[in-house]
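Open your viewer and have the selection tool ready. We will go from stop to stop, and at each one you will read what to pick and what is there.

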Amino acid sequence: MRSTKSNRRLRLFIIFFTILFLVLIGRLVQLMIIVPSSAGRESLSFPTVERGSILDRHGRLLAITTKLDSVAAWIPDVDQPEETTRILAEILDMKEKTIKSKLSRHNGFVYIKRLVSPSVVERIREYKEKGKLKGINLIPEYGRSYPEQELASHVIGYVSVDNIGLAGIEYTYNQILSPQPIAKEKTKVYGNQVFLTIDVNVQYIVEEEALKAYRKNNAKSVMVLVMDAKSGEILGYSSIPNFNPNDISLSDKSALDNRPISFTYEPGSVFKIFSISSMLQSRTLSMDDHFYCNGFYEKKLPNGKTIKIKDLSIHGDVTPQRILQLSCNVGAAYASDRIDKEVFYSMLTKYGFGKTTGIPLPGESAGILRKPDRWSARSKPTIAMGQEIAVSAIQIVSAATAIANGGVLLKPIIVKKIVSPNGKLIKEYGREPIREVLSPEVAKETLEMMKTATLDHGTARRARIEGIDISAKTGTAQVLDRKTGKYSKDHFISSIIGIFPTEEPKLIIYVVIDYPKYEKYGGIIASPVLKTIAKRLITYFAIPLKGEKVYEKPSKIKVTIPATKELKAGSPMPDFINFPKRKLLPLLKNTDFNIRIRGEGYVYRQEPKAGTRLKKGMNIYLYLK
Amino acid sequence: MERINRKPADLVLIVDLVLLLGIGVVVLFSASAYYAERVTGNPYFYLKRQIVWIVIGLFVGIIASLTPLDLLRRITPMVVFLSLSLLLMTFIPGLSRPVLGARRWIFIFGQSFEPSELVKFAVVLYLAYILDKKKVDIDPVNTILPPAVLVSLFLALIYLQNDFSTAFFILFIAVAMFFIAEVKILYFMMLGVVVVPLGILLLFTREHRVKRLIAFLDPMSDPAGTGYQVIAARSALINGGILGKGLSLGEKKMGGLPEAHSDFIFAVIGEEMGFIGAIAIISLFLVVAWRGYTIAYRAEDKFIKYLAFGISTLIVFQAFLNMAVVTGLVPATGITLPYFSSGGSSLVVTLLMTGVLLRLSREADGADRRKAYG
């Protein structure tokens, strides 16, 4: 029986199986005997990636990768857990309990503290030289540092300890900043640099003024966006409260919210610029139409019912221009009577409402613009005055580009270019027109009408700047109380949008103050903020005022700001006199000294004097005015 | 007749199985404790579960080893029908839900079960039964076609569960059994003409398979993604060296190596027990092959011959495939290591088959009878 055909085949199969297992054993010999003895362990480590920087439009650093050490323990080697815990708690400023539990709960490798400062590293080295802290190791790692601290924090975002972007540009451009290495022979990979459209100087002005408004009004939040009217590039993007991306654990959780893209609200009267221009564009409204405002809007419906919408004041006879100048709700409501709701809806979607703008920041909200088949009889007039619709600040600013650009809607741009580690331009972003929303005439008319709002009697008169025409529109929106489903009596959102100069718009500024506690009207509290920012930006961009002559020189003036000086133990104290505060802030990262900065503005006095030899732990005072 | 010729079960095989199960439990505990504590808060979570499954599996295995062959032969159509129904159940939304992108499990009484594990045994049992019943050499078309069609049905269903590797595995076993059953080489060639292009087509129609394949060819192309397990397993083996780091002292299972307690448990064996330990485990599996193929070689009864061959091949080839994945010889698949990997269905079915194999070892065979009579 044994030499049957079946058994012959079985023998063949066993030979085949033997070969398979010989290959497997050969592989094990290679991996477990040959490779370990030929020091092949290194070749299997992950390539390290040095995350690229984030810079402003002029190349000023906003996020940079630093080399820092992490403190870790290899438990089997820790021979004096008690002493080690005590020493580490002192050096690392941690609770003994925390360290103890880390040491006892693991049996192999464990991080004690990630990314510590150089002075801590030095102290650990000192102890190790004395033969203490056995089993405690320093592991070189990359950290992320944000030299401008809170500045533009919502745009930049932040990273995890493992240098993975968790918010903002750090998140959306994670792959570009920290590309996954493809080549295996390279052990180190450098990430690309991302240049933002943000201008640090504009950003600084915007954040300073936003913070002032935030404090003055005891507001819940303040948002200020500044956009280049002609290119759609965002120059300033501020949302207060903001956070310090160097250590997000220090800030309130709500401060991390990227409100300008994620927070949606009823825009209120600012929205009239979009509704009135839509009616003009659809030719259901003409510039010389007249409406009579006696304090309420009233309309008889075909079914016999009457709807009534009250307004705060009686404006009398109004034209479209007067509606925008005086912010007349009744006029806007009557003006909406003739536009078909489908047409109205289509105009608003053309402006981009109800859809995300596509700005490359995570968490953008689309807002709410209901389909016309779900509108009630009241919807058309209420939407015309900026209610029954939810928008984000970025939507308002992008929609305003259509008015500022002869009717062409632009896509908001936040990233200017991407540059490879060796300086090669990989991608550049520029003006990106989406569609024509308005005819150039209607856009012009809207700007002109908005200009009258900054004249006497106009709601935005407090934003007027002598010598320049500003087109503006204010808004004061009641906020729906989520508990009662009714409009809140004291929660308002006050806002203003400004486009200037009217003749040839250069900038769009949008200011939103959420829940001001003392005064509610956008015309009263938001207008001055716009005015101050506009004034400072007019100076910064050298926008000519009326009567001013512009002298242009063919060459570019280069001004260099001195780099922040370094504080080092053993070296002399630098001279900080006349240093702006912004340049001092990175010093605060230095934990070797007690640095105190008092006041705002520029350094006028310093202690110790320049040239004094610095010692570790010294008190350094910088007085600003 | 049968009763008289019965002899005691193969002692070598029993000792070998005890060793496999014993070492398996110890290694599983070592590989899973860290993960179990982190995920469930209880380091013994997987150990306890595995022991429960071993007890159930031993019970099933002992019953199988006591089942007379005639009865087994008679219930073969039922086993096929049962596994086919269970397999179809995975397509019923109420009974199954996709886990990690694959619909392979059914959930009954809060327990999950992977029917494709049972299908492996059902296919082997059915092929042994049908190839014995119909003599292949007499009427090739009538004997090869029906089992080929049924096996294809199983393969199609398992493929639809998004389990390409198990489908491939069963195909391999089926082809091997046809081979032993003296099917003409010509038919295999004809099969190859159809199956190879189809297999390649099906392989490349799913992104995750292509990704795994790329990760296999060049794990460094995406070290943090699909190549991760492959690199981690490899570095665990390299860490192990000749003698290993010692049981429970491996590092890779602490988060560095996903699936350390299931598909990649062999990497933990390699890291902790070294080359010596890995070779020892391979030897234990080879003993299964040796004893199983001896039974097949000596058996006069075709059913016993085919069944012993099928079961041994199933267990040992599965072990081979798993180790080949861990050592980076073949692309990552979802094949478990018999007796070692955590997972109820696979363990119970493996023990069931082991029970049947022990039963087969007790049946009389020509060689020993001659020896016994001198």
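In which strand of chain A is the place of Ser494(A)? Select Ser494(A) and you land in strand 21 of chain A. Keep in mind along the way that this is a predicted model.

**Around Ser494(A)**

Is Ser494(A) buried or exposed? With a relative accessible area of 0%, Ser494(A) is buried. Now show its surroundings: leaving aside residues up to four places away in sequence, Ser494(A) touches, among others, Gly475(A), Thr476(A), Val511(A), Val512(A) and Ile513(A). Further contacts of Ser494(A) include Pro516(A), Lys520(A), Tyr521(A), Gly522(A), Ile525(A) and Ala526(A).

**The sheet**

Next, colour the open sheet of five strands in chain A, whose order is 9-8-22-21-20 with antiparallel pairing. Look for its edges at strand 9 (234-240) and strand 20 (471-480) of chain A, each of which pairs on one side only. On average, neighbouring strands of this sheet are turned by 10° against each other, direction ignored.

Now go to strand 8 (residues 221-228) of chain A, which runs antiparallel to strand 9 of chain A and is joined to it by six bridges.

**A hairpin**

Move on to strand 12 (residues 296-300) and strand 13 (residues 306-310) of chain A, an antiparallel pair with five bridges. Select Glu298(A), and you will find Lys308(A) opposite in strand 13 of chain A. The two strands form a hairpin with five residues between them. In the turn, click on Gly304(A), which has a positive phi of about 95°.

**Rings**

Time to show the aromatic side chains: the whole structure has 32 aromatic pairs over all chains. Why is the pair of Tyr621(A) and Tyr623(A) stacked? Their ring centres are 6.4 Å apart and their planes stand at 20°, so the pair counts as stacked, the limit for that being under 30 degrees. Tyr621(A) is partly exposed at 24% relative accessibility, whereas Tyr623(A) is buried at 17%.

For a group with members in both chains, select Phe13(A), Phe16(A), Phe17(A) and Phe21(A) together with Phe169(B), Phe172(B), Tyr293(B), Phe309(B), Phe317(B) and Phe320(B); they form one aromatic cluster.

Then look for charges over rings. The charged end of Lys130(A) sits over the ring of Tyr127(A), 4.9 Å from its centre. Lys517(A) lies over the face of Tyr515(A), at 4.2 Å from the ring centre.

**Chain B as a whole**

Finally, select chain B, with its 15 helices and two strands. Of its 374 residues, 54% are buried. Among the contacts in chain B with a separation of 6 or more, 72% are between residues 24 or more positions apart.

Methods:
Residues are numbered from 1 along each chain as its sequence is written. Chains are lettered from A and ligands numbered from 1 in the order in which they are written. This is a predicted model: local features need pLDDT of at least 70, side-chain atom pairs count only at pLDDT 80 or more; totals for chains, interfaces and linings use all residues. Side-chain values use heavy atoms; hydrogens and water are left out. Rings of Phe, Tyr and Trp (its six-membered ring) pair if their centres lie within 6.5 Å; planes under 30 degrees apart count as stacked, over 60 as edge-to-face and the rest as tilted. Buried means under 20% relative accessible area, exposed over 50%, partly exposed in between (1.4 Å probe, protein chains only). A charge sits over a ring if NZ of Lys or CZ of Arg is within 6 Å of the ring centre and within 35 degrees of the ring normal. Two strands pair if DSSP finds at least two bridges between them. Helices (H or I, at least four residues) and strands (E, at least two) are DSSP runs, numbered from the N terminus. Axes are lines fitted to C-alpha atoms, for helices over the stretch in contact, and angles run from 0 to 180 degrees between N-to-C directions. Contact means heavy atoms within 4.5 Å.
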